[in-house]
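Biologist: Please take me through this model and say what each label rests on.

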Amino acid sequence: MTTADTFTKTPGWLDYYDGPSRPRFRLPAGAVDAHCHVFGPGAEFPYAPERKYTPCDAPKEALFALRDHLGFEKNVIVQATCHGTDNRALVDALRASGGRARGVATVSRDVSDADLRVMHEAGVRGTRFNFVKRLADFTPREVLAEIAARIAPLGWHVVVYFEAQDLPELYDFFTTLPTTVVVDHMGRPDVSKPVDGPEFGLFVKMMQDHPNIWSKVSCPERLSLSGPPALNGEQHAYRDVVPFARRLVETFPDRVLWGTDWPHPNLKSHMPDDGLLVDYIPQIAPTAELQRKLLVDNPNRLYWS
Ligand SMILES: O=C(O)c1cc(C(=O)O)oc(=O)c1
């Protein structure tokens with residue numbers, strides 16, 4: 001191709017929040033934003049033909065500026081579905097980070113050992129399996145199992161993204177994976193249901209019975225039904241999500257991670273102020289010790305040791 005690709009954003013696309021506030025909550029030294037993405041830029045790293053949405057560009061420079069503004073030391077950059085299995089934008093960001101970012105890639109079954117090694121050198125430490133139907137096409141379980149077996153010897157883990165109503169059907173697959181398994185966004189609970197009810201209960205039981213399963217307690221802005229949104233200085237945003245995240249942080253303090261989810265793909269109602277999202281953290285991790293585990297110890301153990 002001789003000219004750079006140009007892309008038109010999905011209609012109604014919300015760009016990331018411009019000019020986020022500086023958090024009131026002081027992050028502990030060494031804090032990691034353990035779930036964020038880079039998008040393109042499309043002219044340099046084209047979006048995948050099989051993508052389900054076309055985002056705004058959200059390049060590494062903007063991510064690193066946000067990291068510094070919010071007070072994080074490091075990032076874990078997760079391959080976004082709009083880049084499919086083309087991990088070039090991710091690897092480019094990891095290389096540019098000076099060791100301050102690790103990554104989670106998405107690979108197909110025909111990835112070569114040489115490709116895996118190159119990604120590992122750049123800082124990739126996991127692969128992501130996506131079961132959210134609006135984001136990714138179906139991949140047979142045996143293909144995913146084969147990929148998991150390929151990446152396990154590298155010491156990588158598997159990140160899974162799914163919705164709570166699909167957990168019963170996915171339970172046996174997740175609980176027989178040979179690696180650490182990290183669940184994105186608490187398995188997307190329906191927060192109108194009780195935190196002690198059977199749906200979230202199944203998720204808690206899965207973590208209880210399987211010490212290799214971790215959860216990100218991220219994305220209240222996606223899960224909240226009643227808000228209030230992290231906008232206009234709101235210090236107690238997304239109150240309906242707090243009991244779910246707090247339950248996981250207090251029950252499994254050594255197996256939880258937190259991330260901004262910047263640049264927040266596919267949000268429809270509003271785009272949160274990332275500074276106020278950081279101010280959400282003490283609602284779900286109320287003590288200094290829980291905060292240190294969530295933000296410093298756990299991500300460093302999983303991604304930098
Ligand atoms: O809920 C989503 O739309 C979403 C999408 C992606 C992605 O496209 O990779 O990642 C996320 O963490 C969340």
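Modeller: Proline 41 sits in the loop between β1 (32-36) and α1 (60-70); helices (H or I, at least four residues) and strands (E, at least two) are DSSP runs, numbered from the N terminus. The model is predicted: local features need pLDDT of at least 70, side-chain atom pairs count only at pLDDT 80 or more, and totals for chains, interfaces and linings use all residues. Residues are numbered from 1 along each chain as its sequence is written, and side-chain values use heavy atoms, with hydrogens and water left out.

Biologist: What is the peptide bond from glycine 40 to proline 41, cis or trans?

Modeller: That bond is cis, with omega near 5 degrees. The bond from tryptophan 262 to proline 263 is also cis, with omega near 0 degrees. Proline 263 is in the loop between β8 (256-257) and α9 (274-284).

Biologist: What is the phi of histidine 185?

Modeller: Phi there is near 55 degrees, a positive value in a residue other than glycine. Histidine 185 belongs to the loop between β6 (181-183) and α6 (198-209).

Biologist: How is the packing of α4 and α5 described?

Modeller: Two packed helices are described by the angle between their axes and the distance between the axes. Axes are lines fitted to C-alpha atoms, for helices over the stretch in contact, and angles run from 0 to 180 degrees between N-to-C directions. Helix α4 (residues 141-151) and helix α5 (residues 167-174) pack at about 35 degrees, with axes 12 Å apart.

Biologist: Which residues meet there?

Modeller: Arg141, Leu144 and Ala145 in α4 meet Glu169, Leu170 and Phe173 in α5, where contact means heavy atoms within 4.5 Å.

Biologist: What are the angle and axis distance for α2 and α3?

Modeller: Helix α2 (residues 88-96) and helix α3 (residues 113-122) pack at about 35 degrees, with axes 9 Å apart. Val91, Leu94 and Arg95 in α2 meet Val118, Met119 and Ala122 in α3.
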